[in-house]
Amino acid sequence: MTSTMNILIVDDDLVSRSKLEAILEDLGHCDLEPSGDKGLAAALEAAASGRPYDLVCLDVEMPNMNGYEVCRRLKADPETRTIPVVFITSQKDETNEAAGFELGAVDYIAKPFSPRVVQARIRTHLELKRHQEYLEDVIADRTRELRSAHFEILNRLAQAAEFRDNETGRHVKRLSHYCRIVGRGLELPEEHLDALFHASALHDVGKIGIPDHILLKPGRLTDAEFQIMQTHTRIGAQLLDSHDSKLLQMARVIALTHHEKWDGSGYPRGLAGTRIPLEGRITAICDVFDALTSKRVYKKAWTVDEAVEQLKKDAGRHFDPELVEAFLDHLDPCLQIVETYGDE
Ligand SMILES: [Fe+2]
Ligand SMILES: [Fe+2]
């Protein structure tokens with residue numbers, strides 16, 4: 001074992017306490033407490049300070065609070081729930097032993113005990129605990145890696161779609177940030193904001209399916225061409241369809257609804273008002289604001305004031321008026337994003 005294990009021994013009998021300490025001190029550092037309530041307090045305090053005990057030995061019969069109650073409370077607290085509890089007691093009948101296991105103890109050792117056997121059993125529990133922690137760390141690492149690979153792949157997919165559209169890829173970056181800023185302003189939960197950040201980047205992923213002569217056409221699109229152009233919403237939704245991941249589901253919703261308009265005149269379904277999902281409504285504002293304030297082959301960049309005027313004019317027509325307000329309330333941090341991720 002590498003780092004020292006911390007063991008808590010709770011027993012009202014001084015002789016038993018000292019005897020256990022002598023047996024267990026080879027396995028780790030031992031703290032001793034003489035009653036159930038003090039033992040519980042010590043265990044909770046250690047957990048709160050970030051160094052929870054690795055194992056707790058509990059006597060059953062003790063003043064103030066018996067060992068069963070201590071165990072019950074340790075198992076009820078998320079901070080101490082995973083600490084292995086071993087009962088060491090003279091209550092050796094089957095009912096008591098069963099009660100101890102039912103409370104979540106990992107072992108039940110009857111007094112008088114053989115020191116070597118107690119030491120071997122406690123060592124096994126400590127090793128199991130350490131092994132479990134190792135596995136949990138490995139899983140946490142792998143989960144982090146997978147999450148970040150997942151985000152990275154989605155990000156690159158978003159950029160691939162964007163590059164085809166003759167843009168720098170920075171539009172998508174800025175838009176993601178704006179969406180998160182607006183979402184934070186609406187006090188959406190942090191987890192939701194992360195998803196919104198990554199999902200909004202995929203709003204135009206369906207452009208992958210639009211032919212070059214339409215997507216890259218410098219002039220005005222004919223009606224027929226515009227109809228094909230509009231299908232990028234449905235194509236995007238199809239690309240992102242049918243996965244359990246909350247992120248992909250949100251990305252699908254955004255791809256499908258970011259061109260819907262508050263007054264029902266948008267596409268592809270002509271949804272109106274709050275029938276348009278919130279994430280789609282947020283993305284619509286951020287997308288238009290960024291398009292207006294960026295230079296494109298066919299137009300120069302509008303000033304921020306001009307773009308703000310346009311958003312205000314379109315509040316209640318193109319955009320959810322409350323969200324326009326939320327966006328304008330957080331215009332400053334959005335402009336900071338422009339500073340950081342402006343087009344060269
Ligand atoms: Fe779009
Ligand atoms: Fe866009």
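In the predicted model, residue A22 is classed as exposed, because 12 other C-beta atoms lie within 10 Å and the limit for that class is 12 or fewer. A22 belongs to helix 1, which covers residues 14-24. Between A22 and A43 there are 20 Å from C-alpha to C-alpha, for a separation of 21 residues in sequence.

At the level of the whole chain, the secondary structure consists of 15 helices and 5 strands. The domain assignment divides the protein chain into domain 1, with bounds 5-138, and domain 2, with bounds 165-341, and the C-alpha centres of domain 1 and domain 2 are 57 Å apart. The radius of gyration of the protein chain is 31 Å, whereas a compact globule of 344 residues would have a value near 20 Å. Taken along the principal axes, the box filled by the C-alpha atoms has dimensions of roughly 95 × 40 × 35 Å. Of the 344 residues, 32% are buried. When contacts in the protein chain between residues at least 6 apart in sequence are considered, 62% of them join residues at least 24 apart.

The 5 strands form an open sheet with parallel pairing, in which the order is 2-1-3-4-5. Strand 2 (28-33) and strand 5 (107-110) stand at the edges and have a single partner strand each, so that one side of each is left without a neighbour in the sheet. From one strand to the next, the twist averages 20°. Strand 1, comprising residues 5-10, runs parallel to strand 3, comprising residues 55-58, and the two are joined by 4 bridges. Within this pairing, I7 has L55 as its bridge partner in strand 3, while C57 in strand 3 is the bridge partner of I9. Strand 3 is also joined by 3 bridges to strand 4 (residues 85-89), again in a parallel arrangement, and here V56 has V85 as its bridge partner in strand 4.

Turning to the nonpolar cores, the largest one contains 35 residues, of which Y178, V182, A199, L202, A251, I285 and C286 touch the most other members. At least two residues of this core are supplied by each of helix 5 (115-164), helix 6 (170-185), helix 7 (190-200), helix 11 (246-257), helix 12 (278-293) and helix 14 (321-329). Helix 11 gives the most to this core, namely 7 residues. Apart from this core lies another, of 29 residues, which has M5, I7, V56 and I88 among its members. Residue V182, in the largest core, touches I282, C286, L323, A326, F327 and H330 when residues up to four places away in sequence are not counted.

Most residues other than glycine have a negative phi, and most peptide bonds are trans. Against this background, the peptide bond from K111 to P112 is cis, with omega near -5°, and P112 is found in the loop between strand 5 and helix 5. A further cis peptide bond leads from Y267 to P268, with omega near 5°, and P268 is found in the loop between helix 11 and helix 12.

Positive phi values are present at N64 and E187, neither of which is glycine. For N64, which lies in the loop between strand 3 and helix 3 (67-76), phi is near 70°. N64 is partly exposed, because 14 other C-beta atoms lie within 10 Å, a count that falls between the limit of 12 or fewer for exposed residues and that of 20 or more for buried ones. For E187, placed in the loop between helix 6 and helix 7, phi is near 60°. E187 is exposed, as 7 other C-beta atoms lie within 10 Å.

Definitions and conventions: Residues numbered from 1 in each chain as written. Chains lettered and ligands numbered in written order. Predicted model: local features only at pLDDT ≥ 70, side-chain atom pairs only at ≥ 80, totals over all residues. Pairing = 2+ DSSP bridges. Axes fitted to C-alpha atoms, helices over the stretch in contact; angles between N-to-C directions. Domains from an automatic or database assignment. Rg over C-alpha atoms; globule rule 2.2 N^0.38 Å. Contact = placed C-beta atoms within 7 Å. Core = buried A, V, L, I, M, F, W, Y, C linked by C-beta atoms within 7 Å.
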